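Here is a brief report on one protein model.

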Amino acid sequence: MFGVSAETQAHGGGNGEGQEIFATAMGRWLNVTELEALLTPESTPLPVSTCKPPSPPPSGTLILYDRSVTRNYKDDGYEWVKKRNSHKVREDHVKLRVGGRFRVAGCYVHCVTNATLHRRAYHLLNPETGTALNPPTSSASAQLQRSANGDAIPGRNQPSLILVHYLDTQIAALHSAKLAAEAPRSSDIASTARRGPGRRRSRSPGPRALQKQKQKAPNSNPQQQQQQHDAMQQLLFRQQKVAAAVAQMQAGSQESTAQEQLHMLQEKLKQEEAALAADVASAAMSVVTQKHPGEPKSDIPESSGKFDDDTLGILWSMVMEEVRQYHSV
């Protein structure tokens, strides 16, 4: 509002009715509806300026002129981009339509020293023909058509109003961001209006909020805490019993396997002992038969396939004795 308020006060304007439009003009270009409200003599909050700006207007400034009275309003102290190979300022002319009908004409110029600074001048159009609604007239004629206090005389032509808007787009973007950060949200304003200033709106927490509360907040009931502790102890005890049973089963299976292997070894040893005893008996019989071919064999025990240690010792001594006698002969 700095440029707007300073400029409008300098030209005799600035009332409460136009403060909202002035604030809007600080942050962006005006739309067709806002331009029509400012260019209509009956509804505009801006005063009509009769002299050119004394100094270059700052960004956001709005000035309303009567082109029939103030023809040098373009002499604002800025250096604007000129046409190629010409001393005249390059002006980009546009015609704004709403619903297919002409509404406002615009003339855009661009600053040479500041690429983000622009000036736009607007005036109303005839919706049917697209020409100026109130074209400017000569200065003398315009003075004759106005009263001493500057109001239009009934029955005469309306003033040829033109609205000039200066805007630095970079400053406007910063201004809009600042207003957006400071202004409260419309939803908060509406909710405050519905519930009243003295009441606060209570919100029920969502599922995620409830889950976070459960994770963060400890259980305040001591009975529930004790129950949870007992359940955990029982679970640990059961886990220990299961682990011990599994270990016992594994040890039992290993022990039974070892016993089976031992039994198999014992059986194999017995078979080998029986085979050895049979071999010894057979060898003894063959030695005796060769030494005494005509004698009976009643004193020689027959092999039954199983001998104890004493029998094996006797047989072995007999075999060795027969072997010595055989060699001595």
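## Overall make-up

The protein has 9 helices and 6 strands. Helices (H or I, at least four residues) and strands (E, at least two) are DSSP runs, numbered from the N terminus. This is a predicted model: local features need pLDDT of at least 70, side-chain atom pairs count only at pLDDT 80 or more, and totals for chains, interfaces and linings use all residues. Residues are numbered from 1 along each chain as its sequence is written, and side-chain values use heavy atoms, with hydrogens and water left out.

Of the 329 residues, 25% count as buried. Buried means under 20% relative accessible area, exposed over 50%, partly exposed in between (1.4 Å probe, protein chains only). Contact means heavy atoms within 4.5 Å. Among contacts between residues at least 6 apart in sequence, 59% join residues at least 24 apart.

## Helix H2 against helix H5

Helix H2 spans residues 19–27 and helix H5 residues 169–182. Their axes lie 6 Å apart, at an angle of about 120 degrees. Axes are lines fitted to C-alpha atoms, for helices over the stretch in contact, and angles run from 0 to 180 degrees between N-to-C directions. H2 and H5 are therefore oblique to each other. On this scale, angles under 35 degrees are roughly parallel, over 145 roughly antiparallel, 65 to 115 roughly perpendicular and the rest oblique.

H2 contributes Ala23, Met26 and Gly27 to the contact, and H5 contributes Ala172, His175 and Ser176. The contact residues divide into 3 nonpolar, 3 polar and no charged. Here Ala, Val, Leu, Ile, Met, Phe, Trp, Tyr, Cys and Pro count as nonpolar, Asp, Glu, Lys and Arg as charged, and the others, Gly among them, as polar.

## Helix H3, mostly covered

How many of the 8 residues of H3 are buried? The count is 6, in a helix that runs over residues 32–39. The buried residues are Val32, Glu34, Leu35, Glu36, Leu38 and Leu39. Their cover includes H2 and strands S2 (62–66), S3 (92–98), S4 (101–110), S5 (117–124) and S6 (161–168).

Asn31 caps the N-terminal end of H3. One of its side-chain oxygens lies 3.3 Å from the backbone nitrogen of Thr33. A polar contact is a pair of N or O atoms within 3.5 Å; within protein, one must be able to donate a hydrogen and the other to accept it, and residues adjacent in sequence count only if both atoms are side-chain atoms.

Glu36 lies in H3. Not counting residues up to four places away in sequence, Glu36 touches Ser43, Arg103, Val104 and Leu124.

## Aromatic rings

Rings of Phe, Tyr and Trp (its six-membered ring) pair if their centres lie within 6.5 Å; planes under 30 degrees apart count as stacked, over 60 as edge-to-face and the rest as tilted. The count comes to 4 aromatic pairs. Tyr78 and Trp80 form a tilted pair, 5.3 Å centre to centre with 55 degrees between the planes. Ring pairs link Tyr78, Trp80 and Tyr166 into a cluster.

## Accessibility of single residues

| Residue | Relative accessibility | Class |
|---|---|---|
| Trp80 | 4% | buried |
| Leu46 | 6% | buried |
| Tyr78 | 24% | partly exposed |
| Asn85 | 79% | exposed |

Leu46 lies in the loop between H3 and strand S1 (48–49). Asn85 lies in the loop between S2 and S3. Phi of Asn85 is near 55 degrees, a positive value in a residue other than glycine.
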